[in-house]
Amino acid sequence: MRHALRPPALVLFVGLLGCASRRPLVAGGPNLDSFLTAHRLSPGEDLRADEVARTASASYHVVQAVRGEQPHRHLTHDLTLVVLRGRGTLVIGGDRFAVRAGDAAVIPRATPHAFLNEGRTPAVTLAVFSPPLDAPDRAPAFDSPLTDR
């Protein structure tokens with residue numbers, strides 16, 4: 001099935017194979033370096049998410065992580081995560097995965113998860129929420145092995 005691109009939506013093209021040899025592009029917009037320059041982390045800010053596109057079925061966010069995030073769940077959204085830059089550990093439920101640029105994961109709604117940056121510079125990911133994220137949807141993950149009770 002073919003889908004036409006609809007302006008003015010920004011679509012992020014990610015080469016999952018060979019991502020390290022090519023810089024990801026934001027079609028119809030600036031390259032990723034320019035986007036990150038225009039959307040810098042504030043001093044002391046550990047995590048920043050910027051929506052870059054939206055369709056009827058999903059919203060697309062570029063997320064920058066300095067250290068990572070606390071384990072949490074999204075109660076009403078499925079999440080697909082693609083690592084664009086950096087490396088880290090992705091915890092999904094009780095499983096840990098070493099991830100780096102070009103890796104992707106699908107995280108079903110209500111599944112405890114966390115991304116932990118292991119690099120010296122902020123990691124950058126593309127987070128795709130389905131249905132589109134219109135309101136905060138973040139709940140603690142008390143059953144996660146990373147959460148202190």
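**Exercise 1. Which residue forms a salt bridge with Glu118?**

Solution. 
- This is a predicted model. In it, the partner of Glu118 is Arg87, and their closest N and O atoms are 4.0 Å apart.
- Glu118 sits in the loop between E10 and E11, and Arg87 in strand E7, so the pair ties together parts that are 31 residues apart in sequence.
- Check the surface. Glu118 has 41% relative accessibility, so it counts as partly exposed. Arg87, at 45%, also counts as partly exposed.
- List the contacts. Leaving aside neighbours within four places in sequence, Glu118 is in contact with Arg87, Gly88 and Thr89.
- Look at Thr89. Its side chain and that of Glu118 are joined by a polar contact of 2.3 Å.

**Exercise 2. Is Glu69 buried or exposed, and which residue does it pair with in a salt bridge?**

Solution. 
- Start with the partner. Glu69 forms a salt bridge with Arg138, with the closest N and O atoms 3.9 Å apart.
- Locate both. Glu69 is in the loop between E4 and strand E5 (72–73), and Arg138 in the loop between E11 and E12, so the pair ties together parts that are 69 residues apart in sequence.
- Apply the cut-off. Buried means under 20% relative accessible area. Glu69 has 17%, so it is buried.
- Arg138 has 48% relative accessibility and therefore counts as partly exposed.

**Exercise 3. Which residues of E9 make up its covered face?**

Solution. 
- In a regular strand, side chains alternate between the two faces of the sheet.
- In E9, Ala105 and Ile107 form the covered face, while Ala104 and Val106 form the uncovered one.
- Find the neighbouring strand. E6 (residues 78–85) pairs with E9 in the antiparallel sense, over 4 bridges. Leu81 has Ala105 as its bridge partner in E9.
- Now turn to the core. The largest nonpolar core has 14 residues; Leu79, Leu90, Ile92, Val99, Phe115 and Ala127 touch the most other members.
- E4 (59–65), E6, E7 (87–92), E9 and E11 each supply at least two residues of this core.
- A second, separate core has 11 residues, including Leu32, Leu36, Val62 and Leu126.

**Exercise 4. Where do Ala110 and Pro131 lie, and what is the phi of Ala110?**

Solution. 
- Most residues other than glycine have a negative phi, and most peptide bonds are trans.
- Ala110 has a positive phi of about 70° although it is not a glycine. Ala110 is in the loop between strand E9 (104–107) and strand E10 (113–117).
- Pro131 is joined to Ser130 by a cis peptide bond, with omega about 0°. Pro131 belongs to the loop between strand E11 (123–130) and strand E12 (139–140).

**Exercise 5. Where does pLDDT stay under 50?**

Solution. 
- Take the average: the protein has a pLDDT of 82, and 74% of the residues score at least 70.
- Over residues 1–20, pLDDT stays under 50.
- For this stretch the model has 29 contacts beyond four places in sequence.

How values were computed
Residues numbered from 1 in each chain as written. Predicted model: local features only at pLDDT ≥ 70, side-chain atom pairs only at ≥ 80, totals over all residues. Heavy atoms only, no water. pLDDT = per-residue confidence, 0-100. Contact = heavy atoms within 4.5 Å. Buried < 20%, exposed > 50% of the residue type's maximum accessible area, 1.4 Å probe, protein only. Pairing = 2+ DSSP bridges. Polar contact = N/O pair within 3.5 Å; in protein donor to acceptor, adjacent residues only side chain to side chain. Core = buried A, V, L, I, M, F, W, Y, C linked by side-chain atoms within 4.5 Å. Salt bridge = Lys/Arg side-chain N within 4 Å of Asp/Glu carboxyl O.
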